[in-house]
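Please look over the model below before reading my notes. They are meant to be read beside it.

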Amino acid sequence: MEGKSFLRCLLLISAVALVTLFTIVTFPNPPPNTSECATNSAWCTAKNRILRHPSAAAPLRHDHTADVPHHPLDPLTVQEMNKVHKVIKSLFENKVYSVHSLVLEEPEKEVVLKWGKGDALPPRMASVIARAAGKNYVMTVDVDSGAVVQQDTSHISGFPLVTQEDMMGVILAPFASADFNRTMAARGVDINYVACLPFSPGWFGKAEDGRRLVKLECFLNKDTINLYMRPIEGIVVVTDLDTNEVVEIVDTGKHIPIAKAEGTDYRLEAQNGPIFKLASPVSMEQPNGPNFVIENEHLVKWANWEFHLKPDPRAGVMVSQARVRDTENGEMRNVLYKGFSSELFVPYMDPEEAWYFKSYMDAGEYGFGLMSLALEPLNDCPRNARYMDAVFAASDGTPYVRSNMICIFERYSGDTSWRHTEAPIFGNMIREVRPKVTLVVRMAASVANYDYIVDWEFQTDGLIRIKVGLSGILMVKGSPYTNMNQINNQENLYGTLLSENVIGVIHDHFVTFYLDMDVDGSNNSFVKVNLQRAYTSPGESPRMSYLKAVRNVAKTEKDAQVKLKLYDPSEFHVVNPTKKTRVGNPVGYKLVPAGTAANLLDPNDPPQKRGAFTNNQIWVTPYNETEQWAGGLFAYQSQGDDTLEVWSNRDREIENKDIVVWYTLGFHHIPCQEDFPIMPTVSSSFDLKPVNFFESNPILKIPPNVVNDLPICKADHASA
């Protein structure tokens, strides 16, 4: 009997270790004892060791402890974070605290715009969000003096994004509950192979106020690495994040079997049959090196573009002070002061007890940047890519390095920048073609089961393309059905039967971007250029109808709340009314929408109150440094009282003001069998395109490719 007890104990310890390891992979925040992150720091490379073969792990490019800031927008360095960490420890003394965000508090915009290379940097300030004794703290810390200014956030609902320690502490809570163990036993599930993972609960009423809650869902972690495809359906363990107390256990799926493991492993070595491989691999090579430079770690210069680039734990990537050179006079002209992904909203379309709450805000609840791991050379990014590390703060405020979080590379895929062939009407054939080479900035975030790839692509014609790709693993629902012929036509599956006992639930993805446009200066106007049908007068023309452009300048915020309509088309211009072209047009850029899936939820649905920033595809607000996160400063269990919609409904003036444009890329996802067991990437994008910004085509002076100018790459047979 003692031997059996010992064996059960040993198996339980093994299961706990397995769950812990899985959570470290899934929620990649550092542990509280993270030390100063030098090149030999264990934490610095732990993610690569866990996720990939050690030989494939990308080494740190240098010792980040020696970094110093060179630009007002440069992120906090390791040394600066260590100073702030000491201040935080002193402030809370012997209290238990957690740091949920520690980033640069950027100087005022006017200060940054006036700063020039060689000038002294403005005072370095840190923005800190922390929790202690059940209270949220928002603080500004002077990095050099240690002075602290606290802000009152008592009027804002919700909590800061969760930390690694929150997740690590709560994943074992179900196993300490006798009720949970009895529930698993009643289902005939071996507790030693159960993994429970925490998910944000949304907000569904006052009963949830005052407690940081999390809902754990459980999976059978056996015979496959893809445990998401083996849910223990209907089990939800509601737990208090601060105390790890199990508040409630939902058990609604007792009749639903656990799906089989067969066919769920997506790794190459697990696939049966011949491997599909191109006989001649394709790669872009630059033996002479790239055409871009990265000055002082963050200032990117390429072709006619320059911009400041940095990682951010919440937004992922921030692009600032993007400027393009005018080919007519060589002047560097302002386009975008700052752009980043402000929030993601992912509501699932299943109202049942174990699913209704699934409406995630991935940036504000988990941290889009914190979920970004090292990019995989040759697969995430091409061979000619260069990489940028991130320095983030652990939950005790100590810094750590996330290596290779961003890659930068030039892309040529055979596309053309412009072309024309003139037939030899007058004796000579004229053919002019220019290749399109672009610069891409890329990050990839793995937010639990889903993966997001975000590209910022810069073109020589002045266009900026922002693209989002979706991949990863579906969040699936267990089902009693193994074939569609078993299902009553009247039954709502809330999704698609993907495999035996597995349903892919319908859901949406919305990614809202913050775009502080500064077109030739900070004061801009938003213009809706509406295409309208017009009619000719009787006898005026053989034509009856034509289209005309009607320009309307938005006076206030509500004028600029836009729902896109296919049969009411418009262009959306951001213009500088004080700057004109030679022929008198105001210089500008236009937002070219795409990925325009609209949110169809009822505005009064609790998830939609929190995700109200998706009620329109376009918003325009006056610049306000406190209004950056579309879902609010505290998104976790927020009630929708601090969203972009709330700010915009104040209806402030925006004509000829410093304005921010917000655009939401949307995806409706009705899963299909091709999404099983892992999804091929689906992408959509939108553009920021010059409109009367240049006097003429800005790339007329770009020469065509000539054979002798191009490097000749030969296959290395010796290494084949």
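1. The model is predicted. A search of the whole structure finds two disulfides.

2. Cys-196 is buried at 0% relative accessible area, and Cys-218 is buried at 2%.

3. Cys-381 and Cys-407 form a disulfide with sulfur atoms 2.1 Å apart. This link is left-handed, with -90° about the S-S bond. Cys-381 lies in the loop between helix 7 (362–365) and strand 15 (386–393), and Cys-407 in strand 16 (residues 399–411), so the pair ties together parts that are 26 residues apart in sequence. Cys-381 is buried at 1% relative accessibility; Cys-407 is buried at 0%.

4. Strand 28 (residues 570–580) runs antiparallel to strand 26 (residues 523–535), joined by six bridges. Within this pairing, Lys-528 has Phe-572 of strand 28 as its bridge partner.

5. Strand 28 is also antiparallel to strand 29 (residues 586–592), again with six bridges. Asn-576 stands opposite Val-587 in strand 29. The hairpin of strands 28 and 29 has five residues between the strands, and Gly-584 there takes a positive phi near 100°.

6. Ile-225, Tyr-266 and Ile-678 make a nonpolar surface patch of about 210 Å². Ile-225 sits in the loop between strand 6 (213–220) and strand 7 (231–240). Its relative accessibility is 34%, so Ile-225 counts as partly exposed.

Note on methods:
Residues numbered from 1 in each chain as written. Predicted model: local features only at pLDDT ≥ 70, side-chain atom pairs only at ≥ 80, totals over all residues. Heavy atoms only, no water. Patch = residues over 30% accessible without salt bridge, like charges linked within 9 Å, V, L, I, M, F, W, Y side chains within 5 Å. Areas by Shrake-Rupley, 256 points an atom, 1.4 Å probe, with all protein chains shown as cover. Salt bridge = Lys/Arg side-chain N within 4 Å of Asp/Glu carboxyl O. Helix = DSSP H or I, 4+ residues; strand = E, 2+ residues; numbered from the N terminus. Buried < 20%, exposed > 50% of the residue type's maximum accessible area, 1.4 Å probe, protein only. Pairing = 2+ DSSP bridges. Disulfide = S-S within 2.5 Å.
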